[in-house]
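Please open the structure in your viewer and keep the selection tool at hand.

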Amino acid sequence: MNAAHARSNIGAIDAAHHMHPFSDMKKLNADGTRIIQRAEGVHIFDNHGKKYLDGFAGLWCVNVGYGRKEITDAVMRQMNELPYYNTFFGTTTEPATLLAEKIISHAGPRFSHVFFTGSGSEANDTWFRMARVYWKTLGHPEKKVIISRKNGYHGSTVAGASLGGMKWMHEQGDLPIPGVVHIGQPYWYVEGGDLSPEEFGLRAAGELEEKILELGADKVAAFVAEPIQGAGGVIIPPSTYWPEIARICKKYDILLVNDEVICGFGRLGTWFGHQYYGLEPDLCPIAKGLSSGYLPIGGVMVSKRVADVLINEAGDFNHGFTYSGHPVCAAAALENLRIIEDEKLVERVRDDTGPYFAKAWKSLEDHEVVGQAESVGLMGGLQLAADKTTRRRYAKPEDAGVVVRNHCLKNGLVLRATNDRMLASPPLIITRAEIDELVTTLRGGLDHLRDTMPR
Ligand code: PMP
């Protein structure tokens with residue numbers, strides 16, 4: 001088959017040979033797949049030339065936007081000089097080492113080292129073992145249970161999906177693995193009942209203390225959570241939540257792990273999400289915005305507290321990936337971080353586009369089918385509601401989200417829907433005018449929901 005023929009036939013070839021992630025393939029093959037051809041700035045274009053504003057930065061990752069020739073040039077240079085070498089057996093490459101230094105320079109003095117992986121899932125598998133090795137080395141081999149949250153997301157590997165709190169993922173593959181337990185999430189709108197958000201934040205955090213007491217603090221290695229739950233629906237915790245979690249972790253000497261795979265690299269208007277909340281985590285998995293998705297790379301930021309034990313006392317850490325510190329991926333990430341620094345994208349989100357987005361996003365709360373519209377930086381979660389005065393949801397929440405999402409898509413805007421929440425996470429280079437466009441198109445989707453779905 002020649003290339004031109006193959007191009008016109010991609011849909012059929014795809015149905016015949018390509019299994020997609022998180023998809024009902026029978027349904028996808030019947031509906032047909034969308035084919036994205038090219039991209040520039042905050043826009044993607046499909047194979048029919050239709051232009052979309054990418055309100056989701058690919059998959060929460062294209063922080064510096066598309067079409068950055070500086071990154072592709074850096075990748076080419078590295079490809080030509082050294083396309084691959086490993087970081088095992090007493091070896092490193094320049095990009096891997098310099099990238100570790102660069103990441104730590106933004107993580108602050110609490111952190112000292114980075115362990116590289118190929119993805120966010122592998123990053124979660126990595127800290128999972130680090131946490132257990134840490135406590136074992138200190139003479140506490142029984143201190144190994146990991147507490148995580150319902151509806152959290154930490155990846156699709158066996159450990160990642162176990163740490164995640166998606167029941168529908170656990171059902172496939174007999175998960176979670178032993179030693180992982182889940183507590184509730186700080187999702188006030190749906191689970192808060194008659195409590196105020198602040199009261200509910202304390203209640204949700206209190207579940208951590210209850211679980212630690214139930215298991216025994218000497219059995220619990222770590223608590224893991226995203227600063228803001230992403231895939232779960234951009235669940236922004238009430239203000240009381242994180243200070244209470246931090247207090248509990250300190251009191252019982254439990255490692256705090258913040259999954260920074262989405263919140264890292266500027267999304268919240270800080271380099272890392274834990275900085276926004278003033279937290280002091282011990283381990284942080286990272287990925288996505290580290291390279292803006294140009295090439296796959298992830299890692300774990302290791303605090304001095306943990307690194308000191310792993311490096312000086314634990315001996316060999318029997319863990320690693322062929323692509324740990326891949327030199328070309330590291331070169332892409334280094335150039336990506338240079339762009340974020342030089343263009344002051346973190347400051348821009350913090351001082352300009354973040355507050356502008358917050359106001360525009362919040363303005364949607366006047367809509368009849370919107371219960372709540374919250375955001376931090378350039379990460380927004382919008383709760384749909386059948387009756388906003390009583391917080392009653394649509395009979396089939398997931399259908400409501402799909403109606404809005406598809407209407408936006410038809411009108412040239414990519415957003416994600418998780419049940420009855422609309423999620424936004426645009427590239428950090430988005431302008432005020434593009435934020436207006438995003439919110440206006442979303443409002444059209446909300447009108448469409450109001451006009452077509454019975455409440
Ligand atoms: N952690 C979080 C918070 C994520 O959002 C994701 C991906 N959406 C992951 C981990 C897994 O990353 P990856 O898909 O690169 O394995």
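What you see is a predicted model, in which local features need pLDDT of at least 70 and side-chain atom pairs count only at pLDDT 80 or more, while totals for chains, interfaces and linings use all residues. For your selections, residues are numbered from 1 along each chain as its sequence is written.

Switch to a cartoon view, where the chain shows 18 helices and 15 strands (DSSP runs, H or I of at least four residues for helices and E of at least two for strands, numbered from the N terminus).

Where they meet, 28 residues of domain 1 are in contact with 25 residues of domain 2, contact meaning that the C-beta atoms, placed from the backbone, lie within 7 Å. On the domain 1 side, select helix 16 (345–362), one of the elements that give two or more residues; helix 16 supplies the largest share, 5 residues. By class, this side has 12 nonpolar, 12 polar and 4 charged residues (Ala, Val, Leu, Ile, Met, Phe, Trp, Tyr, Cys and Pro count as nonpolar, Asp, Glu, Lys and Arg as charged, and the others, Gly among them, as polar).

Now look for the largest nonpolar core, which has 131 residues, with Ala131, Ile146, Phe223, Leu283 and Val300 making the most contacts inside it; such a core is a set of buried Ala, Val, Leu, Ile, Met, Phe, Trp, Tyr and Cys residues joined through C-beta atoms within 7 Å. Helix 15 (residues 327–342) gives the most to this core, 9 residues. Centre on Phe223, whose contacts include Ile147, Leu208 and Cys249.

Finish at the ligand, which has 15 residues around it, Ser119, Gly120, Ser121, Gly155 and Val261 coming nearest; a residue is near if its C-beta atom, placed from the backbone, lies within 6 Å. Helix 7 (residues 120–137) gives the largest share of this shell, 3 residues, and the shell divides into 5 nonpolar, 8 polar and 2 charged residues.

Key: Buried ≥ 20, exposed ≤ 12 C-beta atoms within 10 Å, placed from the backbone. Contact = placed C-beta atoms within 7 Å. Lists of a residue's contacts leave out its neighbours within four places in sequence.
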